[in-house]
Amino acid sequence: MADAPRVRFAPSPTGYLHVGGARTALFNWLFARRHGGSFVLRIEDTDRERSSEEMTRAILDGMRWLGLEWDEGPHYQADGIPRHSEAAEFLLSGGHAYRCFCTAVELQAKRVAAEGTQEEYRYDRCCLGVAANEAERRAALGEAFTLRFRVPDGHVEWDDSVHGAMRFRNADIEDFIILRSDGTPTYNLAVVSDDIEMRITHVIRGDDHLSNTPKQVLLYRALGAAVPVFGHLPMILGQDGKRLSKRHGATAVGEYAHQGILPQTLANFLALLGWSPGEDREIMTREEMVSLFSIARINKKSAVFDPAKLEWMNGQHLSLLDGAALLELAAHHLIDQGLTSAEEITDRHSWFAGLMELLKPRARRVEDLATQALAYLAPVVEYEREAVTKHWKEPGTVVERLRVVEGALRDLDSWEAPAIEGVLRAAAEQLGVGFGKIVHPLRLALTGAAVSPRIDQVIETMGPALVARRIEQACSILARHEQTR
């Protein structure tokens with residue numbers, strides 16, 4: 001690639017940053033970073049009625065959260081309206097556009113009349129026959145008009161970097177409006193004018209824009225500008241095969257942030273929606289994605305959004321973080337649940353970081369760390385009903401074994417995992433039972449669950465005082481159950 005590419009992400013501030021837009025932004029960002037180019041951010045806010053500053057802020061915040069920092073911008077499309085008008089005038093003076101005096105009522109009547117035919121309605125070019133001086137006179141008298149682009153004969157062709165050779169018949173494109181009767185530009189003219197002004201070399205966007213591309217190619221050529229390289233990304237579908245929407249669950253980037261999904265996870269996941277790095281690679285850092293990214297490996301077929309895969313991937317990315325980083329993410333959850341305080345976290349930072357390290361293998365979301373931490377921080381522990389039924393069938397026997405373990409741990413010189421495991425194995429041998437007959441009831445007593453990290457690590461992390469309290473709580477409950485049998 002001879003010159004450094006310039007790409008852009010151009011969202012409309014009429015809604016939040018959604019999954020589809022975030023993926024488009026990510027692919028543009030990856031392409032720019034891969035080739036040493038520039039990533040330009042443009043806010044397409046010409047729809048004044050639907051655009052809002054709140055949505056603009058949400059889009060910018062979502063991009064920053066994903067780590068998609070832009071090199072230029074944000075530019076605002078509305079600031080370019082005078083330039084868009086100049087482009088329209090240039091097209092008019094060059095014979096590439098003409099004034100259309102048809103009213104909305106007249107056009108609607110033509111659409112209704114066309115409904116009974118086999119042909120799809122297209123503007124009939126009735127105003128193309130109005131002589132230039134006559135059109136000038138009518139406009140000067142104040143008659144309302146729009147500007148329409150005069151679509152030439154022939155075909156529009158381009159080599160799409162995703163789909164390959166593309167060809168559209170110009171006869172299928174109506175003379176589209178480029179300037180409304182109030183003087184504001186329509187989407188296609190504004191986009192082309194902006195991309196020319198910003199020297200955009202590559203336009204990477206969703207398949208939903210494919211129908212706009214022939215019109216925009218014609219506009220580039222009529223304005224005497226180089227046509228950028230186009231690449232249209234496949235659609236994102238829900239698991240039911242329909243286009244991704246709110247009925248499939250969360251679609252806005254901010255929702256995933258609030259659900260405990262890491263930004264690096266979502267970026268990794270979105271990258272794989274339509275693109276493959278090869279060699280069945282899935283878990284990648286941002287740097288790895290940049291080094292591997294290639295438009296040539298973008299699939300033409302639609303991608304399927306799998307929430308379960310996203311959760312799994314989030315667990316993988318959580319496991320790549322150390323305890324201190326995880327604590328920073330989970331601290332407010334621990335505090336909000338009343339399990340600890342900011343002061344205690346600061347005072348016992350090393351212990352809390354170690355706890356996060358211990359819990360991360362079974363966490364899929366940040367909140368899972370706080371949920372698992374209940375066993376280590378809550379005053380009392382609640383027991384899983386199924387685990388009680390399975391591992392505490394004989395309350396009296398369980399109490400006996402827990403008391404033996406309690407005594408063995410009390411006499412322990414070194415409160416470290418290897419020594420703890422040795423004591424537990426010795427207790428099992430003393431009782432003449434298998435190691436599991438000690439571990440499973442004990443795990444339930446300490447954590448309230450049937451599954452946890454290794455029992456010696458759990459005991460080491462909890463410390464002598466908490467282990468003693470947990471065993472005492474379990475024995476009291478088991479004793480009551482024994483009495484009622």
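The legends below describe an overall view and several close-up views of a predicted model. Residues are numbered from 1 along each chain as its sequence is written, and side-chain values use heavy atoms, with hydrogens and water left out. Because the model is predicted, local features need pLDDT of at least 70 and side-chain atom pairs count only at pLDDT 80 or more, whereas totals for chains, interfaces and linings use all residues.

**Figure 1. Overall view of the protein, with 20 helices and 12 strands.** Helices (H or I, at least four residues) and strands (E, at least two) are DSSP runs, numbered from the N terminus. The C-alpha atoms fill a box of roughly 105 × 50 × 40 Å along the principal axes. The radius of gyration of the protein is 32 Å, while a compact globule of 485 residues would have one near 23 Å. That radius is taken over C-alpha atoms, and the globule rule is 2.2 Å times the number of residues to the power 0.38. Of the 485 residues, 48% count as buried. Buried means under 20% relative accessible area, exposed over 50%, and partly exposed in between (1.4 Å probe, protein chains only). The protein exposes about 23900 Å², of which carbon and sulfur atoms supply 50%. Accessible areas come from the Shrake-Rupley method with a 1.4 Å probe; for residues, only the protein chains shown count as cover. Among contacts (heavy atoms within 4.5 Å) between residues at least 6 apart in sequence, 74% join residues at least 24 apart.

**Figure 2. Helix 9 (residues 263–271) and the position of Thr-265 within helix 9.** Helix 9 is mostly covered, with 8 of its 9 residues buried. These are Pro-263, Thr-265, Leu-266, Ala-267, Asn-268, Phe-269, Leu-270 and Ala-271. The buried residues pack against helix 1 (19–34), helix 2 (53–66), helix 8 (253–258), helix 10 (286–292) and helix 11 (307–319). Thr-265 counts as buried because its relative accessibility is 0%. Beyond its neighbours within four places in sequence, Thr-265 is in contact with Leu-310, Met-313, Asn-314 and His-317. Thr-265 and Leu-310 are 45 residues apart in sequence, with their C-alpha atoms 7.6 Å apart in space.

Figure 3. Ala-417, Ile-420, Val-423, Leu-424, Ala-427 and Ala-428 are the buried residues of helix 18. Just after helix 18, Gly-432 takes a positive phi of about 70°.

**Figure 4. Cys-102 and Cys-126, neither of them in a disulfide.** A disulfide is a pair of cysteine sulfur atoms within 2.5 Å, and a search of the whole structure finds 0. For Cys-102, the nearest cysteine sulfur is that of Cys-126, 3.3 Å away. Cys-102 counts as buried at 14% relative accessibility, whereas Cys-126 is partly exposed with a relative accessible area of 39%.

**Figure 5. Backbone geometry at Pro-74, Arg-125 and Arg-199.** Most residues other than glycine have a negative phi, and most peptide bonds are trans. The peptide bond from Gly-73 to Pro-74 is cis, with omega near 0°, and Pro-74 lies in strand 3 (residues 72–76). Arg-125 has a positive phi near 65°. This residue, Arg-125, sits in the loop between helix 4 (104–114) and helix 5 and is partly exposed at 29% relative accessibility. Arg-199 also is not a glycine, yet has a positive phi of about 55°. Arg-199 is in the loop between helix 6 (187–197) and strand 9 and counts as exposed at 53% relative accessibility.

**Figure 6. Asn-212 in the loop between strand 9 (202–206) and helix 7 (213–222).** Asn-212 counts as buried because its relative accessibility is 16%. Leaving aside its neighbours within four places in sequence, Asn-212 is in contact with Tyr-187, Asn-188 and Arg-205.
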